[in-house]
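The following questions and answers work through a structure step by step. Please keep the sequence and the model at hand while reading.

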Amino acid sequence: MTIGIQRISFYTAPFYLDMSVFAQARGEDADKFHVGIGQDQMSVISPDEDIVTLAANAALPIVQEFDPQSFTAVLFATESGIDQSKSAGAFVHGLLGLSSRCRVVELKHACYAGTAALQMAVNMVRVNANERILVIAADVARYELGSPGEATQGCGAVAMLVSNQADVLAIEAGSGYYTEDVMDFWRPNYRDTALVDGKYSTMVYLTALKHAWQHFHESRALIYADFARFCYHLPFTKMAIKAHSRLMKLTGQEANEASIEQAMGASLKYNRTVGNSYSASLYFGLISLLENDVDDLAGQRIGLFSYGSGCVGEFFSGIVGTNYRQYLYTSQHQALLAARKELSFSEYLDFYKRFGEVERNDNIEISSYSRGHFRLSAIRAHKRQYVQNSSTE
Ligand code: CAA
């Protein structure tokens, strides 16, 4: 039995801000973002979307391909929670018309929770081969306007069907992990934007990678050469390049531009334009790799490093399925990215402000902006109301 990812699909908001426009408005050199941070655009959430619509829109192609009644659980990972009690997964369960014999739970540990959910799902399938679990990671990365973090925003969701038919990626047993109680990035309940000690957070990320790799290497006896490609948590793509350079040095490899590029393959392509999607970003990287790498990766081992501030890091591995390309949603994903609308800087500021107002208010009607299948239409009596977009019904 090979357990792992049977299908993997993403969704991001259909609006973006170009980093050159951002740089000009903030009085910075555009190369700071294109080169120094490694981002070309960032997806901008509209006021009528949130983690629920991102997640439901991401999972829709999977649910349309299989019987919605066949899913046995939804494990929803996020750090942009919309409710302190009700799981965002319950809304998604309703929107997607899943069976009442399907458990739902929300998991949190910053950007790491997507991996916690994936590993939990794999182990649930190991115990019961009949499980067909939707793992969904969805987040909106929001920082204070004018703060250093502002350039590393973004949003998106990745949905994965985890089962005993690992058409896309079989998750191998045994990983390396590292936890330390630190304050590098956090969001108290009374804030709708994250607080971050930016430089410190990048150092903790690298420390977590070092320890997680060492633990992995001791447990699995695999070496650097056993991997065809590596995918990393991607708060911004330069972070992954720094991380991989660190891993190469740790394992005695010669780290240069060509060797790093070879090892990362096409894993950075989508994130350069979507930006940070916190718990989903590692899996955007995985999709990007599988859908865009020029080499056929069938049967190859991929190394994955997941990082969540606060902090937990986990290094694990997977083997790409024999005919993986035929199970990907490549053309839909590329069409979604190509159809995004560019925002001016003032439109971006307007969306930013309105999204925050929706987060803080009750009894509001929300205009339609998004072109996704599902959108947030109102909040009445403190209850979020979601509808299908009429253009996509
Ligand atoms: N041309 C080329 N490169 C340039 C440049 C130019 N004109 N101007 C600056 N640069 C380079 C700098 O040299 C620097 O490179 P190095 O990091 O290699 O030194 C890079 O661009 C960034 O410049 P600064 O260090 O001056 O940038 P900053 O201080 O304004 O902010 C940041 C950088 C700290 C990452 C900030 O964006 C931030 O706080 N982001 C949010 C936190 C974050 O993403 N942390 C990542 C680890 S935590 C995590 O992973 C969890 C998560 O998702 C949040």
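Q: Leaving aside its neighbours within four places in sequence, with which residues is Ser80 in contact?
A: The model is a predicted one, and Ser80 lies in the loop between strand E4 (73-77) and helix H4 (88-95). Once neighbours within four places in sequence are set aside, the residues in contact with Ser80 are Ile51, Asp139, Val140, Arg187 and Tyr278.

Q: Is Ser80 buried or exposed, and what is its relative accessible area?
A: Buried means under 20% relative accessible area. Ser80 falls under that cut-off and is therefore buried, its relative accessible area being 11%.

Q: Which backbone nitrogen does the side chain of Ser80 reach?
A: Val140 is among the residues in contact with Ser80. The side chain of Ser80 comes to 3.0 Å from a backbone nitrogen, that of Val140.

Q: How far apart in space are Ser80 and Arg187, C-alpha to C-alpha?
A: Arg187 is also one of the residues in contact with Ser80. Along the sequence, Ser80 and Arg187 are 107 residues apart, while in space their C-alpha atoms are separated by 9.1 Å.

Q: Which backbone nitrogen does the side chain of Ser288 reach?
A: Ser288 lies in helix H10 (residues 281-292) and is buried, with a relative accessible area of 0%. Leaving aside neighbours within four places in sequence, its contacts include Ala266, Ser267, Leu268 and Lys269. The backbone nitrogen reached by the side chain of Ser288, at 3.4 Å, is that of Lys269.

Q: What are the two domains in the domain assignment of the chain, and what distance separates their centres?
A: The assignment gives domain 1 (4-169 + 329-392) and domain 2 (173-321). The contact between them takes 61 residues from domain 1 and 49 residues from domain 2. Taken over C-alpha atoms, the centres of domain 1 and domain 2 are separated by 20 Å.

Q: Leaving aside its neighbours within four places in sequence, with which residues is Tyr232 in contact?
A: With neighbours within four places in sequence set aside, Tyr232 is in contact with Tyr205, Leu209, Ala240, Ala243, His244, Leu247, Met264, Leu282 and Phe305.

Q: How many residues apart in sequence are the parts that the pair of Phe15 and Phe351 ties together?
A: Phe15 and Phe351 form an edge-to-face aromatic pair, at 5.1 Å centre to centre and with 90 degrees between the planes. Both residues are buried. Phe15 lies in strand E2 (residues 15-18) and Phe351 in helix H12 (residues 345-360), so the pair ties together parts separated in sequence by 336 residues.

Q: Which residue lies over the face of Phe15?
A: Phe15 is paired with Phe351 in an edge-to-face arrangement. Over the face of Phe15, at 5.8 Å from the ring centre, lies Arg371.

Q: Which residues form one aromatic cluster with Phe315?
A: The residues that form one aromatic cluster with Phe315 are Trp213, Phe216, Tyr224, Phe227 and Phe230.

Q: Is Asn363 buried or exposed?
A: Asn363 is found in the loop between H12 and E16. Asn363 has a positive phi of about 55 degrees although it is not a glycine. Exposed means over 50% relative accessible area; at 56%, Asn363 therefore counts as exposed.

Q: What distance separates the C-alpha atoms of Ile364 and Ala225?
A: Ile364 lies in strand E16 (residues 364-365) and is partly exposed, with a relative accessible area of 22%. Along the chain, Ile364 and Ala225 are 139 residues apart, and the separation of their C-alpha atoms is 56 Å.

Conventions: Residues are numbered from 1 along each chain as its sequence is written. This is a predicted model: local features need pLDDT of at least 70, side-chain atom pairs count only at pLDDT 80 or more; totals for chains, interfaces and linings use all residues. Side-chain values use heavy atoms; hydrogens and water are left out. Helices (H or I, at least four residues) and strands (E, at least two) are DSSP runs, numbered from the N terminus. Buried means under 20% relative accessible area, exposed over 50%, partly exposed in between (1.4 Å probe, protein chains only). A polar contact is a pair of N or O atoms within 3.5 Å; within protein, one must be able to donate a hydrogen and the other to accept it, and residues adjacent in sequence count only if both atoms are side-chain atoms. Contact means heavy atoms within 4.5 Å. Rings of Phe, Tyr and Trp (its six-membered ring) pair if their centres lie within 6.5 Å; planes under 30 degrees apart count as stacked, over 60 as edge-to-face and the rest as tilted. A charge sits over a ring if NZ of Lys or CZ of Arg is within 6 Å of the ring centre and within 35 degrees of the ring normal. Domain bounds come from an automatic or database domain assignment.
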